[in-house]
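Here is a set of questions about how terms are applied to a structure. Each answer sets a value against its definition.

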Amino acid sequence: TFQTLKKKFGEVIFTPGNHDLWIDKERTRIKVATTLDSDDDIASTSSRRCRTSGKGDGCTTSIEKLEKIFQLCIEEGIRIG
């Protein structure tokens with residue numbers, strides 16, 4: 001979507017809202033349980049970045065998701081407002 005907007009407009013500014021930071025709590029619970037079952041410690045779980053596999057963004061916290069959005073904006077040349 002960013003690429004489409006950049007083609008149409010000279011400058012694109014993105015301001016994240018509360019819906020952009022929602023996470024799927026059920027997927028998060030499964031991911032954390034799987035990580036803990038594999039003998040990883042909490043530090044390694046929290047240091048992971050969002051990974052996409054199938055549906056969802058793979059983020060376990062809203063902060064991780066916000067960081068992922070900001071990184072995408074930087075990579076696409078989108079200003080953050």
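**Contacts, core and pairs**

Q: Which residues is Phe14 in contact with, leaving aside its neighbours within four places in sequence?
A: Phe14 is in contact with Phe2, Asp20, Ile69, Cys73, Ile78, Arg79, Ile80 and Gly81. Contact here means heavy atoms within 4.5 Å.

Q: What kind of model is this, and how are its residues and atoms treated?
A: This is a predicted model, in which local features need pLDDT of at least 70 and side-chain atom pairs count only at pLDDT 80 or more, while totals for chains, interfaces and linings use all residues. Residues are numbered from 1 along each chain as its sequence is written, and side-chain values use heavy atoms, with hydrogens and water left out.

Q: Why is Cys73 called buried?
A: Buried means under 20% relative accessible area, exposed means over 50%, and partly exposed is in between (1.4 Å probe, protein chains only). The relative accessible area of Cys73 is 0%, so Cys73 is buried.

Q: What makes up the largest nonpolar core?
A: A nonpolar core is a set of buried Ala, Val, Leu, Ile, Met, Phe, Trp, Tyr and Cys residues joined through side-chain atoms within 4.5 Å. The largest one has six residues: Phe2, Val12, Phe14, Ile69, Cys73 and Ile78. Apart from neighbours within four places in sequence, Cys73 is in contact with Phe2, Phe14, Ile78 and Ile80.

Q: Where is Cys73 found?
A: Cys73 is in helix α4. Helices (H or I, at least four residues) and strands (E, at least two) are DSSP runs, numbered from the N terminus. The buried residues of α4 are Glu64, Lys65, Ile69 and Cys73.

Q: How does the reach of α4 compare with the span expected at 1.5 Å a residue?
A: The expected span is 1.5 Å times one less than the number of residues. With 15 residues, α4 reaches 21 Å from its first C-alpha to its last, close to the expected 21 Å. After α4 comes Gly77, whose phi is positive, near 75 degrees.

Q: What makes the pair Arg79 and Glu11 a salt bridge?
A: A salt bridge needs a side-chain nitrogen of Lys or Arg within 4 Å of a carboxyl oxygen of Asp or Glu. The side chains of Arg79 and Glu11 meet at 2.7 Å, N to O, and the pair is a salt bridge. Arg79 lies in strand β2 (residues 79-80) and Glu11 in the loop between α1 (2-8) and β1 (13-14), so the pair ties together parts 68 residues apart in sequence. The structure holds one salt bridge.

Q: Are Glu64 and Thr60 buried or exposed?
A: Glu64 has a relative accessibility of 7% and counts as buried. Thr60, in the loop between α3 (42-47) and α4, is buried at 13%.
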